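Hi,

Here is the structure I said I would pass on. Have a look at it first, and then read my notes below.

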Amino acid sequence: MTDDEEFAEFANAHAERLRTTAFMLCRDWHLAQDLTQTALTKLFLSWRRAVQADNLVAYAQKILLRAFLDHRRRRSSTESIPGVLQEPAYRESPELRLTMLDALGRLPARDRAIVILRYFEDYSVDQVADVLELPTSVVKSQTRRSLAKLRELLAADQLALFAG
Amino acid sequence: MTDELRALLRADLDAERPPPIGDIVGAAIRDGRRRRRNRRLGAVGAWAVVAGALAIVLVSGMGLAARPDAVLPAAGEPSPAEPSPAEPSPAESAALPSVPATTQSPSVASPETVPIMPTAPTAPPQARTLTIHSGTQRAEGMQKKATSAAMLHLLTQLLPPGRTSHFGVASDNDLHVQLYLDRGDGPGMVRVVVDQTPPGVRQKAVAGRPHGGTGIVTIDNFPDNCLQNTVVAAEWADGTMVQIDVASCLAWDGNRNAPAAPVLTADEAVRIVSDPRWGVKMAAAEVDAGGKRFPAVPVFG
């Protein structure tokens, strides 16, 4: 099997998962598609080095997260914030519940990535620290802070699911 | 807690309706190959710059050492070390292995040479994507593996009227060719590459689809890259990719890439890459005719 075929086999098997991760990060399917393609192109270019990694999926996720954080950085340097987002009416109207994805979207980009890797991709603290190139202490403290923020944002019945 | 949080996320994701993922893997591979090719060209160019600079330093140093009273020519004056435009540069000569003299003539008339038309206006084209219809599912007749000679033969038929010269092929067995076209305002360079994502690499949804039908053409501009000032690429459902690079300079002459006006408009380039006769397999008649017309062609890059 050639390098290209090996890459294609891996990419076809994991493209959906990568795109889902990208979507959770950016909440936009079209951007998620672009980020996934960017990540796959970079993976293709570094395939010979990538296949030597212990965990090829984690390697691909790392490239994807970098692409996402780079995109955020580029965007934040060219866009201005129009104003402060008003607290939504969901606190007064229980039927307007915030979904978990909405709540995640209110976390800063890096904290969102930490939560997704820890609690959706099931990475250990050390693995998250490695992928995001952060000290483990930062991963732990940001995780605690992010969970507290999520609890604050989510409705009571949802909170019961991950209380404690 | 992990399970509950994951379940909440999973429930939210299940409620989503993601758009079809499409041939994202094929697109990544094609993009990756294009970048790899560009890197190779860039590396060759960088090495040539270094080699050229070293050669100039050595020649100047030796000349000055031999003649203590020697004075470097003033700016604008012709330097004795510069090769005459009519002669191939040392770097180009070194990169032209075993080529019959007939193919190294500076200028060859294409079938559409007369009359020479002025170059089309060359306002920088806007980056955009088009959907194209080839009007045919595949080129008719017997097919043969495409060759660089066949590509040059087809390219000369598709170009607007003008004088063609400096035919070249890539050194790495890619289907990648180069030529200069002079429409009356001086020569400009174009390069064409044809590639196809192998069947094992394409996604199932795309594999097996015939060439032709509907394709996508992308037009990109790279003002900082004179070799690929405008890049127009057509991608067909069977994985065939045809790309034309319209340069704003000429090929490396041993010292530099001399500036030159882009010789095709984006629309002209779109018409060329959209032709259904391009492919990793081409009509046998086209391949045979190309072989006769271009039995040996210099290597570029």
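Let's start with a term: a disulfide here is a pair of cysteine sulfur atoms within 2.5 Å. Before going further, note that this is a predicted model, where local features need pLDDT of at least 70 and side-chain atom pairs count only at pLDDT 80 or more, while totals for chains, interfaces and linings use all residues. Residues are numbered from 1 along each chain as its sequence is written, chains are lettered from A and ligands numbered from 1 in the order in which they are written, and side-chain values use heavy atoms, leaving out hydrogens and water.

Over all chains there is 1 disulfide, and it links B:C226 with B:C249, S to S 2.1 Å. The torsion about that S-S bond is about 70°, so the disulfide of B:C226 and B:C249 is right-handed. B:C226 sits in the loop between β7 (214-221) and β8 (230-236) of chain B and B:C249 in strand β10 of chain B, so the pair ties together parts 23 residues apart in sequence. (Helices, H or I and at least four residues, and strands, E and at least two, are DSSP runs numbered from the N terminus.)

Strand β10 (residues 249-252) of chain B also pairs with β11 (residues 257-259) of chain B, antiparallel and over 2 bridges; pairing requires that DSSP finds at least two bridges between the strands. B:W252 has B:N257 in β11(B) as its bridge partner. The hairpin of β10(B) and β11(B) has 4 residues between the strands, and B:G254 takes a positive phi near 100° there.

Now for the interface. Chain A brings 35 residues into contact with 30 residues of chain B, contact meaning heavy atoms within 4.5 Å. About 3,200 Å² is buried between chain A and chain B, with 70% of that from carbon and sulfur atoms; buried area is the accessible area (1.4 Å probe) that two parts lose on being put together, summed over both. On the chain A side, A:L45, A:Y119 and A:F120 lose the most area to chain B, together 19% of what that side buries.

What about salt bridges between chain A and chain B: how many are there? The count is 2, where a salt bridge is a side-chain nitrogen of Lys or Arg within 4 Å of a carboxyl oxygen of Asp or Glu. A:D4 and B:R33 meet through their side chains in a salt bridge, at 2.7 Å from N to O. As for the side of chain A that touches chain B, α1(A) gives the largest share, 12 residues.

Cheers
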